[in-house]
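Okay, thanks for making time, everyone.

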Amino acid sequence: MERLVLIDGYSLMHRAFYAIPALSKDGVYTNALFGFFSMLLKVIGEARPDYLIVALDAHAPTFRHDKFADYKAGRKPMPEELRPQMAMLREVLGEIGIHQVELAGYEADDLLGTLSRSAQEQGTESVLVTGDRDSFQLIGEKTRVWFTKKGLTEIEDLTPEALLANYGIRPDQVPDLKGLMGDASDNIPGVPGIGEKTALKLLSKYGTMESVLENAENEKGALRQKLLDGAESARMSYELGTINTDAPVSESVEDCRFNPALLAN
């Protein structure tokens, strides 16, 4: 079976930037680039892709901002030492012939989801390399996530079985979890007062976020009231946390066949 490797470009760049001490030449910082390409070569060597794509976030508001104006509000600005490295990433990938995909109005996660779905439809398996837990919802029979933990030194290989064993959740429940507990890093509110432990307990009991909300009256005390008061916020958060697997990506998987000889030049 052929294999598509999808790299969450900015996710790996951010992790590399904070994991590797500052490196610079002639005043230009290169630590994130060094870490990214070290990881890329490692992934290529281990995954041996037939297709390779680096998905990037476009510098524009997304459809999630249209749903919730405060989506990702309050995030710290990108460090000045990292910003030029992001631009150089695009340039270097272009020079060595590795396909890049970005789309205004969508995030890299949506591109990972859309392209991995397309790959599955044509019988190709996918490996998604990312440090973003949102991608866990994309795990399936032909799609696995290589989750970067602790910088770039540890990779967790997640299948549906591994996700359930390690995190107590199925891939399809990931948006449900975000709907209930929210996500502070993306400023997604969830149900105020409900954290991960309680959200997982509720999903184990009821299966889905919607079923949790429908059974709010069966819970007691403060939890019952939180669910009743937070139902609208939960449903909005669920939408914000759901990856779009039907983004209008112009590139096809077949367009992005990987030629290992490119890296030898």
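Predicted model: local features only at pLDDT ≥ 70, side-chain atom pairs only at ≥ 80, totals over all residues.

Now look at which way H4 faces. After H4 comes glycine 97, with a positive phi near 75°.

H1 deserves a look of its own. Its buried residues are Gly9, Tyr10, Ser11, Leu12, Met13, Ala16 and Phe17. Among the elements covering them are strand S1 (3-8), H2, S4, H4, S6 and S7.

Let's zoom out for a second. The protein chain has 11 helices and 8 strands. Its radius of gyration is 19 Å, close to the 18 Å that the globule rule gives for 265 residues, so the chain is as compact as a globular protein of that length. If you box up the C-alpha atoms along the principal axes, you get roughly 65 × 45 × 35 Å. Buried residues account for 49% of the 265 residues. As for contacts with a separation of 6 or more, 69% of them join residues 24 or more positions apart.

On to the cores. As a reminder, nonpolar side chains tend to be buried together in soluble globular proteins. Which residues touch the most other members of the largest nonpolar core here? In that set of 44 residues, they are Phe136, Leu158, Leu180 and Leu227. The element that gives the most to this core is helix H5 (residues 108-121), with 5 residues. There's also a second, separate core, with 30 residues, including Tyr10, Phe36, Ile44 and Leu93.

Let me pick out leucine 227. Leaving out residues up to four places away in sequence, leucine 227 touches Leu180, Val191, Ile194, Leu202, Val212, Leu213, Ala216 and Glu219.

Now for the aromatics. How many aromatic pairs does a search of the whole structure find? It finds 5. Take phenylalanine 63 and tyrosine 106: the ring centres are 5.5 Å apart and the planes are at 50°, so this pair is tilted. Phenylalanine 63 lies in helix H3 (residues 63-67) and tyrosine 106 is in the loop between S5 and H5, so the pair ties together parts 43 residues apart in sequence. Is tyrosine 106 buried or exposed? It counts as buried, though at 19% relative accessibility, where buried means under 20%.

Phenylalanine 136 and phenylalanine 147 make an edge-to-face pair, with 5.1 Å centre to centre and 80° between the planes. Phenylalanine 136 is in the loop between strand S6 (125-130) and strand S7 (143-149), while phenylalanine 147 is in strand S7, 11 residues apart. Both of these phenylalanines are buried.

Most residues other than glycine have a negative phi. Arginine 48, though, has a positive phi near 50°. Arginine 48 sits in the loop between H2 and S4, and it is exposed, with a relative accessible area of 65%. Then there's lysine 72, also not a glycine, with a positive phi of about 60°. You'll find lysine 72 in the loop between H3 and H4, partly exposed at 24% relative accessible area.

Last stop, serine 237, in helix H11 (residues 231-240). Serine 237 counts as buried, at 0% relative accessibility. So what is it in contact with, leaving aside neighbours within four places in sequence? That would be Lys178, Gly179, Ile188, Pro189 and Gly190.

That's my tour, so over to you.

Conventions: Residues numbered from 1 in each chain as written. Heavy atoms only, no water. Helix = DSSP H or I, 4+ residues; strand = E, 2+ residues; numbered from the N terminus. Core = buried A, V, L, I, M, F, W, Y, C linked by side-chain atoms within 4.5 Å. Buried < 20%, exposed > 50% of the residue type's maximum accessible area, 1.4 Å probe, protein only. Contact = heavy atoms within 4.5 Å. Phe/Tyr/Trp six-rings, centres within 6.5 Å; stacked < 30°, edge-to-face > 60°. Rg over C-alpha atoms; globule rule 2.2 N^0.38 Å.
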